[in-house]
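Here is a walk through a two-chain model, one part at a time. Keep the structure in view while reading.

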Amino acid sequence: MSFLELRNLQCRYGRTIAVEDVSLQVERGEFVSLLGPSGCGKTTTLQMIAGFVEPTRGSIDLDGSDLGRIAPNRRGVGIVFQSYALFPHMTVAGNVAFGLEMRRVSRSDRAARVARALEQVHLGHLAQRYPRQLSGGQQQRVAIARALVIEPRLLLLDEPMSNLDAKLREDMQIELRRLQRELAITTVMVTHDQNEAMAMSDRIAVMRAGRIVQVDTPQSAYEHPADDFASNFLGKSNNVAGRASRGVIELPGGVRAEAHTTLDGAVLCSVRPEKIRVTDPGRGKLAGTIRSRMFLGNHWLLQVASEVGDLLVYQQNTGAAPPEEGQVVGLDWHKDSLRVLPSDGADA
Amino acid sequence: MNRHAGQPYLLCAPALALYGVMLATPLVMTALLSFNSYSDTQGVLLTWSLHNYASVLTDEYYQAIFLRTLIVAAATTAFCVVIGVPEAWFLSRLRPRWRGLALLVVLGPLLVSVVVRTLGWTILLGRDGLINQALTGLHLASSPIDLLFTDTGMVIALVHVLIPFMVLAVWTALGGVDPATENAAVSLGSSQVTVFFRVVVPQIVPGILSGGLIVFSLAASAFATPALIGGRRLKVAATAIYDEFLVSLDWPLGASIACLLVIAVIAIMLLLSRVAERRTQMAELADAEA
């Protein structure tokens, strides 16, 4: 049995269903992200674990005991909120000490543990400041220290980085991951940022419309997306509808491509933009015309018109000039890079 | 830019003129009147002295009136805080649909004419009123309790009508509180009661303070409710002023009581906000030490 187990969770607000059916197992010490667009139910799922929202069906087990029977203030769960939710009328030390005070930790013990928690997030020198005197990044560190100081059984992160600028976000991701590993604390993070989810998690649960679409390690979720939605939410993908029979896919314009698949009938072919190579005209599996090119620093983003439709191609910036707009090129990919997904027709 | 320099003043002019004519002028005239004297045979005499103030401040009759006014206003404010602050908190946590309805109920007393509302209270509070009938009928009291024509009755009626001001002021302050801070406190182990006192109340002190100041000044200068519930015997400053002006016709004396009431209310309000500011600073310091 897993450390945290969500079983068939459902949550309705009146007639609207926020979470349809979510089941998830999280092992002790694992970092799992709930990834999905806004409104997919990821935050509601987190709030059900925290106890702020009652599930209308299903159960949550933590370390073998049913969380549904435990009041939210007795669950021993540390939470870092999107807004940080620091107490504005208390100092940094007061904020961090609050949870210990509620646990009736003695005054001297409290001071030592607060100091240690603030050291962990490198904020020891700001203990006597008020939250309004801190930068966004510092406020977030306080929020993390406040959640960790109570030595929670489970750490919940609700879009923790969404209010930070890009550079700081990357630093915090590395630091938060380091802390999580060091303390070996089981963590569930909610995010809509695929890069954040991939960078930090042991496993990613991709959510859509109140359900989990796929749970996998970042790498296999990226390489083997379960469906059209997952392939587009986790990274970019060229998805082309076709018909499969015995490992050969018939694509629009009479193009045929080989792939590893057992599916037959209507399917979606998915190729990641970085897996497509631009070759000389007349070579490769497909001919195309460059419609536009965009310089993105370490690579170029090419939009190529082809017989199967417009395709996105990433080309590594090796210093060589990329093809001009309007130029005819060939496109090639390895057979292994072609993913064949069931056609659900939803996004056709 | 300079062309527009005078524009703000120009735009403020109508409001300033209105204030000047409607508020400042009568206040100044009342202040001037309070220095005049009055004779039964000749009416108001244009003399200039402080004798009206001296007679009000030294007369035990007026001292008792002022003391009653302040006690009633202070008690009303205290009850409004104790009832209104949790009320506003509960209202703010209701679902949006119920919130609008509940707010309408809270604002109800303000929508009813003061005379109708106060006469309603006299029906409830009288010796044979509903409250006493219920108390004696349930054998909770052996004989009727005096509520009408008492300070208690006055406070009850004033709390009823003034509580919306407290609720609205606190409501506004609650709008600035991040609801996630309450969830954060719960996740850290607080009960709802602790959340309210340790997390919510400290964040809405300015709202409680402004609500308290509004309630206090309105209660101290209330006229209709004390006049009807307090009756002829139990006078407060506002009813005493009324009597001086319209019964004794001693306008200068009435004006001096009015001035003293204004000064007293302003002084107490300043003192209260000072103390409250000091308090929040001390609370922050205490937290810093913890």
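Domain bounds, as used here, come from an automatic or database domain assignment. For chain A, that assignment gives domain 1, residues 4-223, and domain 2, residues 236-342. Their centres, taken over C-alpha atoms, are separated by 39 Å. The model is predicted, and every number below is computed from it.

Begin with chain A as a whole. DSSP runs give eight helices and 20 strands. The C-alpha trace spans about 75 × 45 × 35 Å along its principal axes. Chain A has 348 residues, and 42% of them count as buried. What share of its contacts between residues at least 6 apart in sequence joins residues at least 24 apart? The share is 64%.

Chain B is built from other elements. It has 13 helices and two strands. Its C-alpha trace spans about 75 × 75 × 40 Å along the principal axes. Of its 290 residues, 32% are buried. Take the contacts in chain B between residues at least 6 apart in sequence: 71% of them join residues at least 24 apart.

Now turn to the sheets of chain A. One is an open sheet of five strands, in the order E15-E19-E16-E17-E18, with antiparallel pairing. Which strands stand at its edges? They are E15(A), residues 277-279, and E18(A), residues 309-316. Each has a single partner strand, so one side of each lacks a neighbour in the sheet. Neighbouring strands are turned by 45 degrees against each other on average, with direction ignored.

Look at E16(A) within this sheet. It covers residues 286-295 and pairs with E19(A), residues 328-332, in the antiparallel sense. Four bridges link E16(A) and E19(A). Ala287(A) stands opposite Gly330(A) in E19(A). E16(A) also runs antiparallel to E17(A), residues 299-306, and seven bridges join these two strands. Along that pairing, Ser292(A) faces Gln303(A) in E17(A). Phe295(A) has Trp300(A) of E17(A) as its bridge partner. E16(A) and E17(A) form a hairpin with three residues between the strands. In this hairpin, Gly297(A) takes a positive phi near 85 degrees.

Another open sheet of five strands in chain A has the order E13-E12-E11-E14-E20, again with antiparallel pairing. Its edge strands are E13(A), residues 256-258, and E20(A), residues 339-342, and each pairs on one side only. The twist from one strand to the next averages 45 degrees. Inside this sheet, E11(A), residues 238-245, pairs with E14(A), residues 265-271. The sense is antiparallel, over seven bridges. Gly242(A) stands opposite Val267(A) in E14(A).

Next come the nonpolar cores. In soluble globular proteins, nonpolar side chains tend to be buried together. Here the largest nonpolar core has 133 residues. Which of them touch the most other members? From chain A they are Val96(A), Ala145(A), Leu156(A) and Val206(A); from chain B they are Leu158(B), Leu162(B) and Val170(B). Helix H7(B), residues 151-175, gives the largest share of this core, 17 residues.

Val206(A) shows what surrounds one of these members. Leaving aside residues up to four places away in sequence, it touches residues including Leu35(A), Gly36(A), Ile212(A) and Val213(A). Ala230(A), Phe233(A) and Leu234(A) are also among its contacts. A second, separate core has 19 residues, among them Val240(A), Ile276(A), Val308(A) and Leu331(A).

Last, consider where the chains meet. The contact takes 23 residues from chain A and 19 residues from chain B. On the chain B side, three helices each supply at least two residues: H8(B), 179-187, H9(B), 192-203, and H13(B), 251-289. Which helix gives the largest share of that side? H8(B) does, with seven residues. By class, the side of chain B that touches chain A has nine nonpolar, seven polar and three charged residues.

Note on methods:
Residues numbered from 1 in each chain as written. Chains lettered and ligands numbered in written order. Predicted model: local features only at pLDDT ≥ 70, side-chain atom pairs only at ≥ 80, totals over all residues. Buried ≥ 20, exposed ≤ 12 C-beta atoms within 10 Å, placed from the backbone. Contact = placed C-beta atoms within 7 Å. Pairing = 2+ DSSP bridges. Nonpolar A, V, L, I, M, F, W, Y, C, P; charged D, E, K, R; others polar. Core = buried A, V, L, I, M, F, W, Y, C linked by C-beta atoms within 7 Å. Axes fitted to C-alpha atoms, helices over the stretch in contact; angles between N-to-C directions.
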